[in-house]
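My notes follow the model.

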Amino acid sequence: MKILVCIKQVPDMESRFKPDASGVWFAETDLAFRVNEYDEYAVEQAVLLKEQLGGEPEVTVLSVGADRVVEAIKKGLSMGGDRGVHVQDAAAHLKDSWQVASIIAAYAVGEGFDLILTGLQSQDRGSAQVGVTIAELLDYACATTAVGFEYADGTVTVKRELEGGVKGTVRLKTPAVVTCQLGLNQPRYPTLPNIMKAKKKEVRVIPVAELLHQEQRVAPVEFRAPARKGSAVVLEGELADQVDRLIGILKDKTAVLR
Amino acid sequence: MKFLLIGECREGKLLEYSYELFGFASQAGAETAMLLVGEEGTLPGYGGTVYLADAGKYGEYNPDLHKRLVQAVVERERPDYVVFMHTSYGWDLAPRVAALLKAPQVSEVVALAEGGGFERPCLSQKMRQVVKPQGTPVVLTLQGGAFPALVPGGTPQVQPVDAAGEGKVEFLGYEAAARKGVDLTKAEVIVSVGRGVGKKENIPVIAELARVLGGEVGASRPVVDSGWMDAGNQVGVTGQTVSPKLYVACGISGAIQHLAGMKKSGFIVAINKDKDAPIAGVADVLVVADVMQFVPALTAKLVK
Ligand SMILES: Cc1cc2nc3c(=O)[nH]c(=O)nc-3n(C[C@@H](O)[C@H](O)[C@H](O)COP(=O)(O)OP(=O)(O)OC[C@H]3O[C@@H](n4cnc5c(N)ncnc54)[C@H](O)[C@@H]3O)c2cc1C
Ligand SMILES: Cc1cc2nc3c(=O)[nH]c(=O)nc-3n(C[C@H](O)[C@H](O)[C@H](O)COP(=O)(O)OP(=O)(O)OC[C@H]3O[C@@H](n4cnc5c(N)ncnc54)[C@H](O)[C@@H]3O)c2cc1C
């Protein structure tokens, strides 16, 4: 069995974001990058399945992006992936979701993956498109928003999370794409020995030009902070002073403090 | 300009948020038609054309067939936009429709921008992006709550619609929401734990503030997912919707899915070390501080 996990590297969401020179996306200076949270669940699910099947499946971890994304691939390998694929693209952030999906599909088409796992969405762009579009391009069955996953004999049973806590159970046959939602499992922390082992695992580099054959369908025109909706009173400064001011406000504005 | 709106049915009912599609179309000043995979009893209060596919035959969830139904209606109506809600149904189906129609897709639209652009959130709602799709039709998904629900009124002209083929995903059934643990909806004060609280061992410190304020403890989703608290404590779209007199968000960033569950609270205090955290957009007071330093200090002062 061959499993592909697609992971995206995203900036730390606690950063301050400023537009870059193009004015349509964020400047990367001073940003720390990490693996998209949703994709950690995808890696974990692949590794769990590998363990369930006695180590037989081969898990490939793929990321499209600049050289920095190799760090994300290494994380996937240290969690238990077998080999990495780095689709090298210094301008990956300029591609739309459609192009990114078409790049991944162009790579996967000859590889015969039985199962492709992606995150439900990325934390930075958050289109929730790439996984489903890969499935459409490869003509694979696809289920999104997985919070439960079981595999037996070429059949995947997925619990999909719907609104209001309701879930829907679906069954699909491999080859299949499943997009992973938060809480699907408990992503493991790589151990030091596994981090060392990961350093030795193969990461194949493919220049994006070999895989990109599609035009952009959505063009970015602007990037900015949202208009401040609220009129929150912002309390900064000394801790003791913040405490006093908050208590003052609560006494004034709510009936909660007597 | 014509919009094809894709309504949603679940367990034999039209989902209320489908009316936000009409709110969006009306803001855009567009002509509309709707497609619904449902039953006669699920028709919206709307005087336009509703293409109705039989849910008994096509299933409420069968994306491979539903995309063909959308395609069939697109061929008849030739809309400029095909509009879904950004929900578990919409984000699942929209990319399939976009792929089939070779159409651009813009996800989670929150506003119309000038010159045919759409505004959408990015970077976990901290920033906004305006994008412009190229070509028609365009597939859109709308963020829940971004556009007002609008019931146009009237009785639809129903047109049956059909599609051939097999689905690759077999729907087995629904599972009701687990409703156990605390009933947060009745609490007057809720102090909620977010990931910024750092670790499970820190939760008693937050719980102590809740106790002193006479309230309950809530949680954001990652706190539940990582097993720090029970699912019954979760606030948000996939948890409980609450409206206490006072809501204190401790180390919660303010993702839209969390806000959906608590933004109607009477008074909202957020404690966050990041001044730009989106929670500031709904908070009445934002305390910029380390939550594990601020909360014990606040509790101590209140006890005095
Ligand atoms: C200037 C600029 C303009 C941009 N304009 C657009 C635009 O017009 N339209 C647009 O859609 N995007 C645009 N982007 C963002 C773009 O790079 C997206 O990040 C990319 O299209 C992937 O889509 P997504 O992040 O929404 O993925 P999603 O569909 O939200 O991701 C779902 C899953 O797909 C997989 N995945 C996504 N990206 C990768 C990757 N690089 N490598 C491996 N796996 C991956 C992951 O498993 C992820 O969890 C722009 C960026 C910049 C800098
Ligand atoms: C379909 C779907 C449904 C979802 N449903 C829900 C839902 O029902 N409820 C829900 O909550 N989420 C839900 N989510 C998840 C949601 O998108 C967010 O991921 C989640 O709300 C984030 O939780 P958080 O704010 O606790 O964590 P984070 O986003 O990680 O935020 C942590 C915050 O803590 C701050 N912080 C960090 N350290 C400190 C410190 N020492 N002192 C003070 N502040 C600090 C940071 O600045 C940050 O703002 C859903 C997501 C999806 C896709």
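**Confidence.** I'm working from a predicted model. For chain B the mean pLDDT is 95, with 99% of its residues at 70 or more.

**Interface.** I looked up how chain B meets chain A. On the chain B side 82 residues are in contact, and they touch 83 residues of chain A. The two chains bury about 7000 Å² between them, and carbon and sulfur atoms give 55% of that area. I also asked which chain B residues lose the most area to chain A. They are B:Leu123, B:Lys168 and B:Glu175, together 9% of what that side buries.

**Helices 5 and 8 of chain B.** I took helix 5 (residues 203–212) and helix 8 (residues 291–303) of chain B; their axes come within 9 Å and cross at roughly 30°. The cut-off for roughly parallel is under 35 degrees, so helix 5 of chain B counts as roughly parallel to helix 8 of chain B. The crossing is left-handed. From helix 5 of chain B the contact uses B:Val205, B:Ile206, B:Glu208, B:Leu209 and B:Val212. Helix 8 of chain B brings residues including B:Val291, B:Met292, B:Val295 and B:Leu298. I sorted the contact residues of this pair by type: eleven nonpolar, one polar and one charged.

**Helices 3 and 4 of chain B.** Next I took helix 3 (residues 63–77) and helix 4 (residues 90–101) of chain B, whose axes come within 9 Å and cross at roughly 55°. That angle makes helix 3 of chain B oblique to helix 4 of chain B. Here the crossing is right-handed. Among the residues that meet are B:Asp64, B:Lys67, B:Arg68 and B:Val70 in helix 3 of chain B, and B:Asp92, B:Arg96 and B:Leu100 in helix 4 of chain B. The types in this contact come to seven nonpolar, two polar and five charged.

Most residues other than glycine have a negative phi, and most peptide bonds are trans, so I went looking for exceptions. In chain A, the bond from A:Thr174 to A:Pro175 is cis, with omega near 5°. A:Pro175 sits in the loop between strand 9 (167–173) and strand 10 (176–180) of chain A. In chain B, a cis bond joins B:Thr136 and B:Pro137, with omega about -10°. B:Pro137 is in the loop between strand 10 (127–133) and strand 11 (138–142) of chain B. I also noted A:Asp139, a non-glycine residue with a positive phi, near 60°. A:Asp139 lies in the loop between helix 4 (130–138) and strand 7 (141–152) of chain A.

Terms used:
Residues numbered from 1 in each chain as written. Chains lettered and ligands numbered in written order. Predicted model: local features only at pLDDT ≥ 70, side-chain atom pairs only at ≥ 80, totals over all residues. Heavy atoms only, no water. pLDDT = per-residue confidence, 0-100. Axes fitted to C-alpha atoms, helices over the stretch in contact; angles between N-to-C directions. Helix = DSSP H or I, 4+ residues; strand = E, 2+ residues; numbered from the N terminus. Parallel < 35°, antiparallel > 145°, perpendicular 65-115°, else oblique. Left-handed = near helix turned anticlockwise from the far one by under 90°. Contact = heavy atoms within 4.5 Å. Nonpolar A, V, L, I, M, F, W, Y, C, P; charged D, E, K, R; others polar. Buried area = accessible area lost by both parts, 1.4 Å probe.
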